[in-house]
Amino acid sequence: MQGWAPALVPILALVTQIEGEVRAILICKRSEDRHLVKLLRSAKNYVQRLYIPTIISLFLAPICTHTALAAPSPQNTALARRFAPQWRFHKDEMYFPSSVEWFLSQVKQVDDNGSLINANPTVQTLDGPTGQGSGLYLTTDIDANRDGWLKGVNPLQDPFNVAVYTFVAPKANGVTDIYYWLFTPFNEAKDVPVLGRVGDHVGDWERLTVRTVNGEATQVDYHAHSDTGSTVPFSEAPKFDGDLRPVGYIAKGSHGIWETAGTHTYVDAVIFKLQDLTSEDGVYWDTRESLVIYNFPDLFSGSDAWLNYKGVYGNKGTTDCWWYVFHKECKVVTGPPGPYRTDVMGVNFKDSTSELEAQDPSKWDMKGPLSQVLGLTTDADHSTFTIYLNLETSETFIGLKVTCSSTDQEAPSDQFHFVVTPAGLNLQGNKITITSPACPPNTKITAYNVGLCTESSSCQWARSRALKAYSKDGNANGAQETRAIAVEDLDVWEF
């Protein structure tokens, strides 16, 4: 290198930085001016090759600094990028993700009878039909396209046609949850003994959530399918990038997001099991430059109006299989709703989507808690719950239900119901500490619930929250079975 060339190193670094920033801007805003990134790449190569300073990047960066309607604050954008995950696809994966725009260019919008509503839906028009698309489907010929566009886009080969839709949700008590949503055009069916292939569907949404408290990551919440979620301490989650960002393993064909590579059983029936397969040595996707970041909650219009869509991302499921009378899924099942569902759907959510999805609001409701509330094991003869709720009066009676499950999976669970009088509460503003006896021998604590009660013990109960215990002992990794737990639950209880 010539003697004056080292002076160009900062310029090369600047061009490289702006290239990455413009790529992020273009992906986040879904601009069609993606040729600018190619120009920046050329500029960078020009500096590298000839060691000649260039100011092309100084012109091009401002061209793409328009603001999205739902743009988050710089602080929240930085937080989402700071903890952006790496997603590791199975080494034999055939069905990769895409952006919503890319997907919409391939499908038609139809009603429940299959009648055409919109032959060319776009992100701007998807929510245009009556009821913002409620009861509509995004459909294609699965058999004709299974080996074509339904395979999606390899994110390492075409980073401009994939996206990770990211919602930054500030909550009470210093909590900010960051929801990273993965969209894939197709979910591959599972082989079920006797029945055959069950569960093909167009469109697939899965997500990973990072919980931060006062700006620091504390938990990672993995989700696979409609009713399988696992919350782990950030310290125990697999990580990359100098142990700073989480890793999620994407199941082959079905795209459930798991915390480890291996075989994961999510349905264990009498005659069959449904399992996800994850592995190392596939496509490793660092999602940071593919984030499309939104505030949560927010209002959406223009190129973000697709988030208001109340229909289904996929075909309507078939009902003509012989086993449908006892198992309500055939080879093709109805596609899922999109992200941001309960806030869009409101009270109609349960009627708009599958029964399993309605039963798992922890996946679809970004207002609420994660899949499990984490606590610490204790050898005490009681559990301690420190909770937060908005009390109109300090004279309120509080109900507590504790679920104790047998360590023998065949045995039923028992619930123990306590009502605590105001005098028995450790009350500090809206922060309350309640104690309850440990679960009986040969059982483990698995869930709890809080209610507002009258003196006669008639209670209005909120939705139950699952519990997961970890040991204070750093040598005891992983979740532990325990009869008693110490919990500080930062998610405010709503009634």
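Let's start with how the chain meets itself: of the contacts in the protein with a separation of 6 or more, 71% are between residues 24 or more positions apart. Contact here means heavy atoms within 4.5 Å. Before going on, note that this is a predicted model, where local features need pLDDT of at least 70, side-chain atom pairs count only at pLDDT 80 or more, and totals for chains, interfaces and linings use all residues. Residues are numbered from 1 along each chain as its sequence is written, and side-chain values use heavy atoms, with hydrogens and water left out.

The protein has 10 helices and 28 strands. Those are DSSP runs numbered from the N terminus: helices are H or I with at least four residues, strands are E with at least two. Of the 495 residues, 53% are buried. Buried means under 20% relative accessible area, exposed means over 50%, and partly exposed lies in between (1.4 Å probe, protein chains only). Accessible areas come from the Shrake-Rupley method with a 1.4 Å probe, and for residues only the protein chains shown count as cover.

Now for the disulfides, meaning pairs of cysteine sulfur atoms within 2.5 Å. How many does the structure hold? There are three.

| Pair | S to S | Torsion about the S-S bond | Hand |
|---|---|---|---|
| Cys 321 and Cys 330 | 1.9 Å | -75° | left-handed |
| Cys 404 and Cys 439 | 2.0 Å | about -75° | left-handed |
| Cys 453 and Cys 459 | 2.0 Å | about 105° | right-handed |

Number the bonded cysteines in sequence order and the pairing reads 1-2, 3-4, 5-6. Take the pair Cys 404 and Cys 439, whose sulfur atoms are 2.0 Å apart. This pair links distant parts of the chain, 35 residues apart: Cys 404 is in strand β21 (residues 397–406), while Cys 439 is in the loop between β24 (431–437) and β25 (443–453). Are these two buried or exposed? Cys 404 is buried because its relative accessible area is 2%, and Cys 439 counts as buried at 1%. Cys 321 and Cys 330 are both buried, and so are Cys 453 and Cys 459.

Val 194, Trp 322, Val 325 and Phe 326 make a nonpolar patch of about 530 Å². Patches are made of residues with over 30% relative accessible area and no salt bridge; like charges are joined within 9 Å, nonpolar side chains (Val, Leu, Ile, Met, Phe, Trp, Tyr) within 5 Å. A salt bridge is a side-chain nitrogen of Lys or Arg within 4 Å of a carboxyl oxygen of Asp or Glu. Phe 326 is in the loop between β18 (291–295) and α7 (341–345), and it counts as exposed because its relative accessibility is 56%.
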